[in-house]
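Subject: Structure handover

Hello,

Here is the structure I promised to pass on. Please open it first, then read the notes below.

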Amino acid sequence: MARGKPISFPPEAEELPSPVVDNHTHFPGQGDGAVELPDGVEVLPMDVQVGRAERAGVVGMIHSGCEYPGLEHAVELAREWRQIAAAIAIHPNEAPRHAGVTEVAPDGWEQDLADHHREVSLEDAIGRVAELAAANPEQVVAIGETGMDLFRTAAGGLEAQRRSFRAHIALAKELDLPLQIHNREAHAEVLDVLQRDGAPARTVFHCFSGDAEFAGVLNENGWYASFAGPVTFKSNQELRDAARALRPELVLVETDAPYLTPAPFRGRPNAPYVMTHTVRTVAQEMGMELTQACQVILANTRHVYGDWFTQA
Ligand SMILES: [Zn+2]
């Protein structure tokens with residue numbers, strides 16, 4: 001981004017030749033505790049988000065509501081928009097806060113501890129996730145994001161984070177829902193929990209951050225990798241190698257918007273319609289023609305999350 005130029009959303013991109021679904025996104029400005037955009041960037045209204053996505057060939061989007069105050073709104077969004085479904089959970093970096101841990105993160109990140117929703121205990125917060133998921137089977141298509149994050153959680157918070165991860169795994173199994181895993185610099189810890197507890201039948205590594213070797217672990221277990229914008233960054237050859245190594249039937253794509261905008265728009269806010277750039281990169285690594293890759297990715301999406309995005 002040129003100095004002094006205001007940050008804005010990327011332009012609309014050429015439509016994909018065959019439809020795909022954004023497996024994991026966050027719509028900014030939607031409900032309390034919603035993710036925030038950089039200063040000066042205006043929230044796109046939902047009809048603009050959905051319209052742009054459809055024009056790009058992104059026919060469905062899974063909005064992850066992963067902070068306590070945003071759980072209900074995630075379900076409402078999914079009820080309101082045929083193109084949107086919800087994934088709900090208590091985020092791995094929220095779990096220690098609900099458990100009363102106030103230690104500053106290793107990266108110096110400090111949450112606003114005044115937020116009163118963290119007075120809700122971790123057990124009650126996860127209980128609310130369970131209640132909403134069970135009561136809204138048409139809207140809630142996954143439990144997530146949950147997992148481990150050694151980048152943003154200090155040593156004192158790891159016990160609560162692990163406890164939360166395990167509770168979400170149990171919930172996904174109980175409700176027979178797919179699990180979306182957040183794994184930040186925690187490969188060994190995440191694998192340890194999955195191996196001890198047993199992974200849900202459909203397990204997705206959201207914003208996959210492993211290498212080809214880690215992709216091999218997914219291949220062995222039948223776990224999915226959902227690739228986000230970083231797979232397009234020049235420096236991340238390792239991620240492209242992983243996409244190449246993964247069995248094609250385990251490949252998913254997402255934005256994790258408004259973060260992780262793909263090249264060539266890195267640094268600008270992200271949205272589902274911008275996912276086309278990531279899909280093109282992943283298709284190349286899958287060694288497939290773009291249309292075929294989109295079809296495979298869509299079939300995988302259906303297999304994991306069902307068919308809610310198909311127009312009746
Ligand atoms: Zn996310």
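Does Cys207 count as buried or exposed? Its relative accessibility is 18%, and the cut-off for buried is under 20%, so Cys207 counts as buried. Cys207 lies in the loop between strand 6 and helix 7. Its phi is positive, about 45°, although Cys207 is not a glycine. Keep in mind that this is a predicted model.

Strand 1 and strand 2 (residues 58-65) run parallel and are joined by 4 bridges. Val21 has Gly60 in strand 2 as its bridge partner.

**Helices on the sheet**

Which residues of helix 8 (residues 237-245) are buried? They are Leu239, Arg240, Ala242 and Ala243. These residues cover an arc of only 155° around the axis, which puts them on the same side of helix 8. They pack against helix 7 (212-221), strand 7 and helix 9.

Thr281 belongs to helix 9. Thr281 touches Arg240, as well as Val231 and Thr232, leaving aside residues up to four places away in sequence. Thr281 is buried, with a relative accessible area of 16%.

**Helix 2 and helix 4**

Two packed helices are described by the angle between their axes and the distance between the axes. For helix 2 (residues 71-80) and helix 4 (residues 122-135), the angle is about 15° and the axes are 10 Å apart. Angles under 35 degrees count as roughly parallel, so helix 2 and helix 4 are roughly parallel to each other. Their crossing is right-handed. On the helix 2 side, the residues are Leu71, Glu72 and Val75. They meet Ala125, Arg128, Val129 and Leu132 in helix 4.

Look at Val75 next. It is buried, with a relative accessible area of 3%. Not counting residues up to four places away in sequence, Val75 touches Ala86, Leu132, Asn136, Gln139 and Val140. Val75 and Pro137 are 62 residues apart in sequence. In space they are 9.8 Å apart, C-alpha to C-alpha.

**Backbone points to check**

Where is Pro258? It sits in the loop between strand 8 and helix 9. The peptide bond from Ala257 to Pro258 is cis, with omega near 10°. Pro264 is also in the loop between strand 8 and helix 9. The bond from Ala263 to Pro264 is cis too, with omega near 5°.

Asp176 has a positive phi of about 50°, although it is not a glycine. It lies in the loop between helix 5 (158-175) and strand 5. Asp176 is exposed, with a relative accessible area of 52%.

Best wishes

Terms used
Residues are numbered from 1 along each chain as its sequence is written. This is a predicted model: local features need pLDDT of at least 70, side-chain atom pairs count only at pLDDT 80 or more; totals for chains, interfaces and linings use all residues. Side-chain values use heavy atoms; hydrogens and water are left out. Two strands pair if DSSP finds at least two bridges between them. Helices (H or I, at least four residues) and strands (E, at least two) are DSSP runs, numbered from the N terminus. Buried means under 20% relative accessible area, exposed over 50%, partly exposed in between (1.4 Å probe, protein chains only). The arc is that of the directions from the helix axis to the C-beta atoms. Contact means heavy atoms within 4.5 Å. Axes are lines fitted to C-alpha atoms, for helices over the stretch in contact, and angles run from 0 to 180 degrees between N-to-C directions. Angles under 35 degrees count as roughly parallel, over 145 as roughly antiparallel, 65 to 115 as roughly perpendicular and the rest as oblique. A crossing is left-handed if the near helix is turned anticlockwise from the far one by less than a right angle, and right-handed if clockwise.
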